[in-house]
Protein chains: 2
Amino acid sequence: MNQKSEVPGAPIYAQGSGFAEEDNFYKEELLLAWRNRAMPLEGLRYPITPTGLHFLNVHFDIPEVDIAKWSLTLDGLVSHPIKMTLDDILRRPAVTTAVTMECAGNGRAFLSPRRISVPWLNEAIGTAEWTGTPLRGLLQEAGVNDKVSDLIFTGLDQGIQGEQLQYYQRSLSITDSSRDEVLLAYSMNGAPLQPQHGYPLRLVVPGWYGMASVKWLNRIELVSEPFTGYQQLQAYRYRQSGDDPGEPVSLIKVRALMVPPGIPELMTRTRLVKAGTVKLIGRAWAGRLGITRVEISQDRGSSWAEADIHEATSPFAWRAWSSTWEATPGKYTLCVRAFDTAGNVQPVSQPWNYQGMGNNMVQRVDVIVE
Amino acid sequence: MNQKSEVPGAPIYAQGSGFAEEDNFYKEELLLAWRNRAMPLEGLRYPITPTGLHFLNVHFDIPEVDIAKWSLTLDGLVSHPIKMTLDDILRRPAVTTAVTMECAGNGRAFLSPRRISVPWLNEAIGTAEWTGTPLRGLLQEAGVNDKVSDLIFTGLDQGIQGEQLQYYQRSLSITDSSRDEVLLAYSMNGAPLQPQHGYPLRLVVPGWYGMASVKWLNRIELVSEPFTGYQQLQAYRYRQSGDDPGEPVSLIKVRALMVPPGIPELMTRTRLVKAGTVKLIGRAWAGRLGITRVEISQDRGSSWAEADIHEATSPFAWRAWSSTWEATPGKYTLCVRAFDTAGNVQPVSQPWNYQGMGNNMVQRVDVIVE
């Protein structure tokens with residue numbers, strides 16, 4: 001009844017695609033992978049990601065919100081503290097913007113050694129049309145005291161991280177908070193926010209990694225000192241060691257991804273492609289910056305060929321790119337990389353950091369051409 | 001620049017919840033976890049799962065469908081072969097049914113040793129309102145030959161599994177296919193199917209594990225011999241070894257799950273609960289069968305107390321249950337189990353099978369009461 005001897009061990013494939021040879025994954029990493037959701041890369045076909053395909057990162061639990069009891073408070077160093085219901089917010093001026101969002105930990109699974117956290121591959125991405133009211137308008141009405149340096153945004157999701165009991169909280173400077181594009185969003189792709197995306201209200205900070213866009217938002221406090229909470233000083237830092245205070249994680253770095261061509265082998269996701277002209281497509285983005293160039297490699301990044309870049313639909317959303325590849329029989333590792341308007345380009349191998357943040361190493365796609 | 005010495009190794013917690021002590025996970029399992037999507041258990045609050053929270057299993061790729069070129073063919077041993085566009089199908093009689101769907105591999109990650117496949121925990125579940133036209137009506141119009149034993153359903157997703165190049169294909173007997181509740185579904189929760197859920201058309205077989213509900217359906221062939229394709233004879237079997245032909249996986253087994261109470265520790269998902277009366281809620285289902293009883297344990301299944309069961313909204317959808325727990329300080333492993341109308345009850349420890357199918361072991365939730 002319990003003959004276990006024939007169960008296979010580790011397959012010998014999946015050797016490419018950026019994994020360290022020796023790495024397996026801990027239970028805790030699997031628990032976090034299943035709590036969160038990646039966008040299958042076929043999703044790159046769509047300029048706006050279908051809501052159910054957008055990446056999802058839930059730090060603690062998805063809170064249960066009784067809308068009759070919910071309100072947003074904006075207080076602290078303001079002349080006129082504000083308390084609003086969702087209906088109040090829905091009556092305010094509305095803006096809709098397409099925004100590409102990415103988790104700061106995207107690519108973490110390819111680092112070695114690897115911080116035990118969400119082991120994202122390349123797919124912690126998505127682009128949605130967010131509708132909401134600009135935060136800037138609320139700040140003007142509240143009257144911001146001259147001493148204000150930062151805004152603290154608090155969500156309703158609560159839990160323990162780093163041995164600290166906390167609500168999820170992040171801050172932004174008054175300058176970053178006052179930018180035109182920062183929204184208090186209540187709608188995603190034309191529908192009310194689904195519970196997992198922050199119902200009834202979330203912050204959307206275009207150009208920033210996803211940790212800034214606090215979900216289940218219920219309080220905004222204006223303060224005169226930098227915020228020292230866990231998610232600000234501990235979790236989202238570029239650090240070289242556990243003692244290194246590091247630099248804060250902020251804007252999304254330049255990145256391109258491709259829809260893997262051909263068809264997959266189920267387990268390894270290695271691709272099988274027929275010889276001939278293969279169309280390669282994908283999207284590229286760089287947070288607040290523009291994309292100037294996208295390049296394709298068929299030899300794991302040794303040589304590169306320029307791809308075509310298509311129209312941008314929003315300053316904060318990805319742009320489509322396309323290219324053709326004359327595929328002849330053999331084994332290849334396809335790569336794609338993008339350049340931004342500040343002259344940044346994606347690295348072929350990923351600089352390491354302690355918490356696995358901002359990993360924009362080029363995507364690698366193992367392909368067998370027959 | 002690359003000081004790796006301080007990266008933590010495996011945390012020492014996450015010891016409960018059903019994992020085998022020694023197990024880590026292979027790269028291939030992580031790749032499959034990120035290709036698929038689990039329902040965070042907070043989703044058990046909703047009788048109908050928000051579309052973006054429903055579990056998702058994509059065997060190969062999500063195909064790109066040009067609706068202008070797509071059609072459904074029903075052929076083989078019929079008097080009048082049928083070829084229909086989506087518009088043709090939308091004009092047919094429509095039925096909407098709430099159906100709880102579950103992946104046959106749900107719970108696989110808790111087996112030891114473990115088949116290398118999608119390492120589901122407990123969350124490969126969801127309940128949707130599917131709208132479509134009964135397959136039975138089409139079969140009546142086509143005129144089924146007396147020799148027909150089985151129907152082969154073919155989807156547009158293609159790939160390699162078990163070294164076989166294949167479209168995803170499954171069969172059902174003519175008896176199972178002719179049941180009233182079997183739908184050709186084009187809508188999920190009142191909206192057209194999203195690409196990842198089978199746009200433009202999928203089969204929905206209420207009561208069966210998800211592998212029967214073929215997505216991106218484009219052909220139904222009526223045949224007089226049992227189908228011998230990979231997904232029928234290899235993938236979805238209750239086997240005791242690689243040589244054992246085994247029995248086919250078919251109907252969903254009885255299962256109950258709870259919303260984990262209290263708040264989580266981020267990495268281990270261990271729960272922190274305040275002492276006092278704790279309300280426990282969740283859902284229970286048994287495929288085509290009814291639920292007769294739900295029980296709660298606070299001591300890892302040594303003793304049980306009966307929970308309340310609430311109204312059923314559909315014969316094929318889960319039922320809510322609730323209970324209260326007088327929590328006193330200490331460490332607990334909460335369990336829940338359900339009984340069905342055929343007298344089946346969930347096992348406290350999971351009988352092993354080679355491919356990790358139909359694992360309906362009771363859920364275990366580690367809780368610290370303070």
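In which order do the six strands of the open sheet of chain A run, and with what pairing? The order is β14-β15-β22-β21-β17-β18, and the pairing is mixed. The model is predicted.

At the edges of this sheet stand β14 (263-264) and β18 (305-306) of chain A; each has a single partner strand, so one side of each lacks a neighbour in the sheet. Within the sheet, β17 (residues 291-297) and β21 (residues 330-340) of chain A form an antiparallel pair over six bridges. R293(A) stands opposite F339(A), a residue of β21(A).

The domain assignment divides chain A into two domains, with the bounds tabulated below. The centres of domain 1 of chain A and domain 2 of chain A, taken over C-alpha atoms, are 27 Å apart.

On the side of domain 1 of chain A that touches domain 2 of chain A, β3 (95-102) and β11 (237-238) of chain A each supply at least two residues. β3(A) gives the most to this side, with four residues. By residue class, the side of domain 1 of chain A that touches domain 2 of chain A comprises 11 nonpolar, 12 polar and nine charged residues.

Key:
Residues numbered from 1 in each chain as written. Chains lettered and ligands numbered in written order. Predicted model: local features only at pLDDT ≥ 70, side-chain atom pairs only at ≥ 80, totals over all residues. Domains from an automatic or database assignment. Nonpolar A, V, L, I, M, F, W, Y, C, P; charged D, E, K, R; others polar. Pairing = 2+ DSSP bridges.
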